[in-house]
Amino acid sequence: MTSYRNPVIPGFYPDPSVCRVGEDYYLVTSTFEFFPGVPVFHSRDLVHWEQIGHALTRASQLPLREAPPSGGIYAPTIRYHDGVFYMVTTNVSYGGNFYVTATDPAGPWSDPIYVDQAGIDPSLLFDDDGKVYFLSNGNGCMSICEIDIRTGEKLAPTRPSWRGTGGRYPEAPHLYKIDGLYYLMIAEGGTEYGHMETIARSISPYGPWEPSPRNPILTNRNTEQNMPIQGTGHADLVQTQNGDWYAVFLAFRTSQQYFHHLGRETCLAPVVWEDGFPYIGTCPLSGEVNLPPCPVKAPEAVTDFRTQGLEWVMLREPNPDLYAFTEGGLVLQGVAENLSGLNPTLLMRRQQHFAMRAEAQVEFSPRLHEEAGLTTFYNLETHYEIFVTRTQAGRRVQVRRVVGDMEMLAADVPAPAGELTLAVEATALEYTFLLNGEALCTAQTRFVSTEATPSSFTGVMLGLYATGNGRKCAGKARFARFRYEGRDE
């Protein structure tokens, strides 16, 4: 048996989908406007996950250009059939629904094969008669068609399928064939406190559908408000080699009542079958998996930036000439755009713990108004940063808070000579920004939360950046190393 605590993949890793190949499990999650897209994880016990690559690593696969915050890549599904992995998803900003393929899930993956069907959250079912069904959701209804998996061409018109049980925003369809019956599982209620998972079955992939009498089969919507895990839904089922069933799904941990800022995270729960339907219940805080433990190597606490680690991402379609990974560390070339623009020079990793410390050693000799530093970044309208800059008063270290249309300089002190250590320490409720170990100021986490940011689906990222603040030919900043330490119990 392998013990676990939820989330099994902490931080902004939403909309998980999973498949099994022999004794190996592979999982993908959404990435929205971040590049590269769709991380691919591997596990042998459903608990210990190691990122092995990304499915979308080239501009030809991931056009984002001017994708807005929380645009881009929605809700991938991963499936395996006849020696090939398939990752199907939606680029809501460019192109719509598509899938890519690979024989090695670590990559490389193919260029996109597009499917002419509207909606989002697509999924595939490889039936045992050789037919392949493509599902998506739109206008409150799941839609289905048969496709040629080699080309993505539709072999029959799209047909409406199930509308769910009446919850709002029915989405995220996954179709399974189990013991000769078809099961259609979807999310309802919106990806928030009312989120839930429902399921129905049929003798045909097109329906009509018989809903489970125990719907919703997964939800935390009626748990106490002080329960640390909320918003459960958007699930995918997997059967182990031992015959047991489990579900992966998204949920979020609240920092305080009604606020969460780490994003929607990947959780795990056992599945029981009753009267021919699966049932999950509520998200457990902890549990056990009936598989032997197979721990993976923990990520290094210190990043020296000789290469770009898999945990690091950029925004939209980054210019690789602006990022240099060297023996001496990361060198960032600033551009005119700053963190409130669409395409700043910005390298990020997810914040995965409420209590944590992140620090970076930076060497930077800015010209007037140029800056480089460390940011807690939610999106272009919501971010805090500690940075080195130059004003009329000389070289300075400042802390800025940007929340919607409000911008505030929270700290401004002279910058000591030489390399500086910029750091942020966090609790569930606030960030503290430090220069060379000395605290300068604090900022509340709730203002960089999902609830404080309209129409947003991401989570806080910790980023290193450089900008000319309007100066096109800005200077270069060198980050010798970065350290991340999670401090949650």
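How many helices and how many strands are there in the chain?

## The big picture

The chain has 0 helices and 39 strands. Here, helices (H or I, at least four residues) and strands (E, at least two) are DSSP runs, numbered from the N terminus. What you're looking at is a predicted model, where local features need pLDDT of at least 70 and side-chain atom pairs count only at pLDDT 80 or more, while totals for chains, interfaces and linings use all residues. Residue numbers start from 1 along each chain as its sequence is written, and side-chain values use heavy atoms, leaving out hydrogens and water.

Along the principal axes, the C-alpha trace spans about 75 × 45 × 40 Å. Of the 489 residues, 58% count as buried; buried means under 20% relative accessible area, exposed over 50%, and partly exposed in between (1.4 Å probe, protein chains only).

## Two open sheets

Strands of a sheet pair through backbone hydrogen bonds, either parallel or antiparallel. In this report, two strands pair if DSSP finds at least two bridges between them.

At one end of the order, E29 and strand E38 (residues 461-467) pair in the antiparallel sense over 6 bridges, and Thr345 stands opposite Ala466 in E38.

Another open sheet has 4 strands, ordered E2-E3-E5-E6, and its pairing is antiparallel too. E2 and E6 are the edge strands, each with a single partner, so one side of each is left without a neighbour in the sheet. The twist averages 25° from one strand to the next. Strand E5 (residues 37-43) pairs with E6 in the antiparallel sense over 5 bridges, and the bridge partner of Gly37 in E6 is Leu56.

## Strands linked by hairpins

Strand E8 (residues 84-91) is worth a look: 7 of its 8 residues are buried, so it is largely enclosed by the rest of the structure. E7 and E8 run antiparallel, joined by 7 bridges, with Arg79 opposite Tyr86 in E8. The two form a hairpin with 2 residues between them, and Asp82 in the turn has a positive phi of about 55°.

E8 also pairs with strand E9 (residues 96-102), antiparallel and over 7 bridges; Met87 stands opposite Val100 in E9. This hairpin has 4 residues between the strands, and Gly95 in the turn has a positive phi of about 100°.

Further along, E22 and strand E23 (residues 277-279) run antiparallel, joined by 3 bridges. Their hairpin has 2 residues between the strands, and Asp275 takes a positive phi near 55°.

## Where the pockets are

On a 1 Å grid over the protein atoms alone, a cavity is a set of points where a 1.4 Å probe fits but cannot get out, and a pocket is an open set with protein on both sides within 12 Å along at least five of seven lines; lining residues have an atom within 4 Å of a point. Grid points are joined across faces, edges and corners, and a volume is the space filled by probe spheres set on the points.

The largest pocket holds about 1,500 Å³ of space. Of its 40 lining residues, Pro10, Trp49, Ala298, Pro299 and Gln352 are the closest to the centre. Strands that each supply at least two lining residues include E6 (50-56) and E39 (476-486).

The second largest pocket has a volume of about 600 Å³. Of the 19 residues that line this second pocket, the closest to its centre are Arg79, Tyr80, Leu125, Tyr176 and Lys177. The largest share of the lining, 4 residues, comes from E15.

Methods: Axes are lines fitted to C-alpha atoms, for helices over the stretch in contact, and angles run from 0 to 180 degrees between N-to-C directions.
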